[in-house]
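Please open the structure in your viewer and keep the selection tool at hand.

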Amino acid sequence: MQSIVRRISVVFLLALALSACGYQLRGVADLSFKNLYIQGAPLSISKDLKKSLKTNGIQIVDSAEQAELLLELLSEANEKRILSLSGTGVVREYELNYRASFRTRAPASPTWSAPQTVQTRRSFSYNDTDLLGKGDEEAMLNLDMHKDAVRELMRRLTAIKPAAEQ
């Protein structure tokens with residue numbers, strides 16, 4: 001009986017500590033539009049972006065006339081550069097960079113916003129003897145960077161307010 005009370009007390013204290021530190025679930029984005037038209041180059045993050053928009057209750061429409069906001073995906077770039085070398089000139093660390101550029105406009109407006117760039121960066125150690133494992137690690141880091149880029153793009157879309165509210 002005493003161990004059950006102790007367990008309940010520990011769970012209660014953990015819940016209290018989590019709520020006291022300000023932790024909260026990510027939840028849905030507070031977007032000022034309900035439908036969106038996406039145009040431009042298909043990027044590697046396009047599928048995740050559409051999924052995130054649908055999760056947040058945004059309908060992706062088939063024509064610009066139906067949309068409250070137009071989103072144009074401009075370009076993306078994946079880069080891999082050497083971050084450090086050993087004394088014998090062997091690569092020890094790499095840095096991965098991912099950039100995606102986009103711009104937005106209201107359907108009634110003839111001008112696009114200035115292009116915005118979302119950028120993520122990761123570094124990882126490298127060893128020739130673990131080639132397969134490091135290849136998998138690089139692929140996982142790239143996926144993680146793409147997910148971060150989608151989250152950042154969603155945050156930027158949250159900041160867009162209709163002209164009447166500005």
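The stops below go from the whole chain to single pairs of side chains.

**The whole protein**

Please begin with the complete chain in a cartoon display, bearing in mind that this is a predicted model. Three helices and five strands make up the protein. Read from the N terminus, the order of these elements is α-β-α-β-β-β-β-α. The radius of gyration is 22 Å, well over the 15 Å that the globule rule gives for 166 residues, so the protein is more spread out than a compact globule. Along the principal axes, the C-alpha atoms fill a box of roughly 60 × 60 × 25 Å.

Next, switch to a surface display. Of the 166 residues, 30% count as buried. Among contacts between residues at least 6 apart in sequence, 66% join residues at least 24 apart.

Is Leu-13 buried or exposed? Leu-13 is exposed, because its relative accessible area is 54% and a residue counts as exposed over 50%.

**The largest nonpolar core**

Hide the surface and select Leu-36, Leu-49, Leu-53, Leu-71, Leu-153 and Leu-157. Of the 29 residues in the largest nonpolar core, these six leucines touch the most other members. At least two residues of this core come from each of β1 (35-40), α2 (46-55), β3 (69-85), β4 (91-105), β5 (116-125) and α3 (131-158). Which element gives the most to the core? It is α3, with seven residues.

Centre the view on Leu-49. Apart from neighbours within four places in sequence, Leu-49 is in contact with Leu-71, Leu-73, Val-150, Leu-153 and Met-154.

**Salt bridges**

Charged side chains are the next subject. How many salt bridges does a search of the whole structure find? The search finds 11.

Select Glu-138 and Lys-80, whose side chains meet in a salt bridge at 3.0 Å, N to O. Glu-138 lies in helix α3 and Lys-80 in strand β3, so this pair ties together parts that are 58 residues apart in sequence. Lys-80 counts as partly exposed, at 42% relative accessibility.

Move on to Asp-144 and Arg-122, which form a salt bridge of 2.9 Å, N to O, through their side chains. Here helix α3 holds Asp-144 and strand β5 holds Arg-122, so the pair ties together parts that are 22 residues apart in sequence. Asp-144 is partly exposed, with a relative accessible area of 33%.

Then select Lys-134 and Glu-137, where a salt bridge joins the side chains at 2.9 Å, N to O. Both residues are in helix α3, and because they are three residues apart, about one helical turn separates them. Lys-134 is buried, with a relative accessible area of 13%, whereas Glu-137 is partly exposed at 29%.

For the last stop, select Arg-122, Asp-144, Asp-148 and Arg-151 together. Salt bridges with shared partners join these four residues into one network.

Notes. Residues numbered from 1 in each chain as written. Predicted model: local features only at pLDDT ≥ 70, side-chain atom pairs only at ≥ 80, totals over all residues. Heavy atoms only, no water. Buried < 20%, exposed > 50% of the residue type's maximum accessible area, 1.4 Å probe, protein only. Core = buried A, V, L, I, M, F, W, Y, C linked by side-chain atoms within 4.5 Å. Helix = DSSP H or I, 4+ residues; strand = E, 2+ residues; numbered from the N terminus. Contact = heavy atoms within 4.5 Å. Rg over C-alpha atoms; globule rule 2.2 N^0.38 Å.
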